[in-house]
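Biologist: Could you put the model up and walk me through the sheet and the helix packing?

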Amino acid sequence: MPLVNEKQDFLKAIGIQPASNPGPRDYNVVSRSQAGSGKLDFDAAIFDMDGVLTKTAAVHSLAWKRMFDEYLRIREDKYGEPFREFTHGGDYRVYVDGRPRHQGIEMFLKSRGITLPPESPEPGGGSESIRSLGDRKNTLFNQIIESEGAGLYDSTVALIQDLLRRGIKVGLATSSKNSAVILQKTGTVRLFATVVDGLVSEKLGLKGKPEPDIFATASANLGVSNTRAIVIEDAVSGVQAGAKGGFALVIGVAREDNVDELRNHGADVVVRDLAEISAEKINQLARAKRART
Ligand SMILES: [Mg+2]
C-alpha cells in the first residue's frame, strides 16, 4: 500500500485529522520595519517543537506501530508466536506515549511477555535488543518525515511571525534529535535564531526536561536572561522546566485535553491552541506575573 494512504488511514483510525503537506513554502522572518506596534515587556520567546510547532505526535505513533508490527512478524516466523498487531489505543497510549524511548519499548514488550537485552549480544548488532528496536523506530520516523514532511500548527507560525515583527527574538528548544530535518521539511528554519535540540544537548551535556537547561541555553544564545524570556510548551516535563528556570512566563498548550495537568505543573497560563493568545495578551500576562513576584 502506498505510504501516504497507509498514514492517512492510520491517522483517521486514531482520530487525528491528517495534516496537509506544507509543500515548498518557506516561512520568513518579517522585517522589523513592517512592525507597527509598541515595545513589549519581554525580549525572547522559546518554543518547543513536537506538539507546539509541529503535528508530529501522530508520526511518532505510526513509526512505533511499524517497528513493533515488523518485530512481532519476525517473532511469529522465528518462534511461532501468533501475530497480534500493535495498536494506538491499546498499546501506544498505554505503554509508549510520553515515556523515554527505551522504557516504552520495555513496557510494551513486557505486556506481551517478551524480554530482550538492552544491547545486542552480537558484535555487529542484530535486531533483538531494546536499543536496536529503538534505533529502528527512529529510522522509520525519519523516513516518514523525509517522504511526507510534518504538519504545522498554523496558529503557532502566526504567533511567531507576530512576535518577530515586534522585535522579539525567537528560539526553539526541543529534546528531539530530528529537528534539522523537520524544520527544513516544514520551511520553518528561518523563524528561529537559535535551535537547542537533542543533538546540541548531547554535545553540551545538557540535562533534559524537566530540568531547564535547554530553555536556558536557548535564551542565553539569544543574549536574553530567563526573566526576560517566555516559554511555550505542551508537555508536563516542559512546563516544569519553564517554571524551574524562572522564565518571564510559561505558556502551556493543552493538546491532549490536559489543561489542569499543565497548570498544576508550572504553566502560568494554559491554552488549547496558540490562536487563543496574542503577543499583546502574552505581554499583559508577563507584566502581571512580574508584578506578583
Ligand atoms: Mg512537545
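Modeller: Let me start in the sheet, where E4 and strand E5 (residues 249-253) pair in the parallel sense over 4 bridges; two strands pair if DSSP finds at least two bridges between them, and strands (E, at least two residues) and helices (H or I, at least four) are DSSP runs numbered from the N terminus. This is a predicted model, in which local features need pLDDT of at least 70, side-chain atom pairs count only at pLDDT 80 or more, and totals for chains, interfaces and linings use all residues. Residues are numbered from 1 along each chain as its sequence is written.

Biologist: Which residues of E5 are the bridge partners of Val231 and Ile232?

Modeller: The partner of Val231 is Val250, and that of Ile232 is Ile251.

Biologist: Is strand E4 buried or exposed?

Modeller: 5 of the 5 residues of E4 (residues 229-233) are buried, so the strand is largely enclosed by the rest of the structure. Here a residue is buried if 20 or more other C-beta atoms, placed from the backbone, lie within 10 Å of its own, exposed if 12 or fewer do, and partly exposed in between. Both faces are covered, with Ala229, Val231 and Glu233 on one side and Ile230 and Ile232 on the other.

Biologist: What is the strand order in the whole sheet?

Modeller: The order is E3-E2-E1-E4-E5-E6, which makes an open sheet of 6 strands with parallel pairing. Strand E3 (194-196) and strand E6 (269-271) are the edge strands, each pairing on one side only. From one strand to the next the twist averages 20 degrees.

Biologist: Which helix packs on the sheet there?

Modeller: Helix H12 (residues 279-292) does, touching E4, E5 and E6, and its direction makes about 130 degrees with that of E5. Angles run from 0 to 180 degrees between N-to-C directions, with axes fitted to C-alpha atoms, for helices over the stretch in contact.

Biologist: Switching topic, how do H2 and H5 pack?

Modeller: Helix H2 (residues 57-79) and helix H5 (residues 130-148) pack at about 130 degrees, with their axes 8 Å apart. The two are therefore oblique to each other, a word for angles that are not under 35 degrees (roughly parallel), over 145 (roughly antiparallel) or 65 to 115 (roughly perpendicular).

Biologist: Which residues make that contact?

Modeller: Among them are Trp64, Met67 and Tyr71 of H2 and Leu140, Phe141 and Ile144 of H5, where contact means C-beta atoms, placed from the backbone, within 7 Å.

Definitions and conventions:
Contact = placed C-beta atoms within 7 Å.
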